[in-house]
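Reader: I have a model open and would like to learn how to read it. Where do we start?

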Amino acid sequence: MFKGLGNIGNIASMMGAMQQVPEKLSVLNERMKVETVTMSSQCQRVTVVMSGVGQVQAIEIIEGTAGEELHIAIIEATNAAGTAAKQMYAEAISEMAGEMDLNVPGLDGMLAKLTGNA
């Protein structure tokens, strides 16, 4: 459609794709609400299931876990699930941008910051 226009064609194409972003993000968010990650504490006594948008769906605790051990295990499993959920979300955003052929400068860096890998 914009062939032969050089950078103007690229900008016009990118602007058209950018107009689709809100709808695509809405669909992605709905998908992330149902996709889950499951992570356990280092001691394997607590497991947390979390959605891709960071909502805890379930916590499983092995019977007999109590006190300080339980406290630490819940924190570890929840933090691990949160990290995995952020990573899953960032990968979905990156995939969406690739499918839309959006070459957004700095996107990888922004996603790395989101996941704590910056």
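Predicted model: local features only at pLDDT ≥ 70, side-chain atom pairs only at ≥ 80, totals over all residues.

Reader: What is the phi of Asp101, which follows α2?

Author: The phi of Asp101 is positive, near 55 degrees.

Reader: How many salt bridges does the model have?

Author: Side chains of opposite charge can pair when their charged atoms come close. With a cut-off of 4 Å between nitrogen and carboxyl oxygen, the count is three salt bridges.

Reader: How are Lys33 and Glu30 placed in helix α1?

Author: An α-helix has 3.6 residues a turn, so residues three or four places apart point the same way. Lys33 and Glu30 lie three residues apart in helix α1 (residues 7–34), and are therefore separated by about one helical turn. Their side chains form a salt bridge at 3.1 Å, N to O. Lys33 is partly exposed at 43% relative accessibility, and Glu30 is partly exposed at 47%.

Reader: Which parts of the chain does the pair Arg45 and Glu69 link?

Author: In this salt bridge the closest N and O atoms are 3.7 Å apart. The pair joins distant parts of the chain, 24 residues apart: Arg45 sits in the loop between β1 (36–40) and β2 (46–51), Glu69 in helix α2. Arg45 has a relative accessible area of 23% and so is partly exposed.

Reader: Which residues form the nonpolar patch on the surface?

Author: Val56, Ile59 and Ile61 do, with about 240 Å² of accessible area together. Ile59 belongs to strand β3 (residues 56–61) and is partly exposed, at 43% relative accessibility.

How values were computed
Residues numbered from 1 in each chain as written. Heavy atoms only, no water. Patch = residues over 30% accessible without salt bridge, like charges linked within 9 Å, V, L, I, M, F, W, Y side chains within 5 Å. Areas by Shrake-Rupley, 256 points an atom, 1.4 Å probe, with all protein chains shown as cover. Helix = DSSP H or I, 4+ residues; strand = E, 2+ residues; numbered from the N terminus. Buried < 20%, exposed > 50% of the residue type's maximum accessible area, 1.4 Å probe, protein only.
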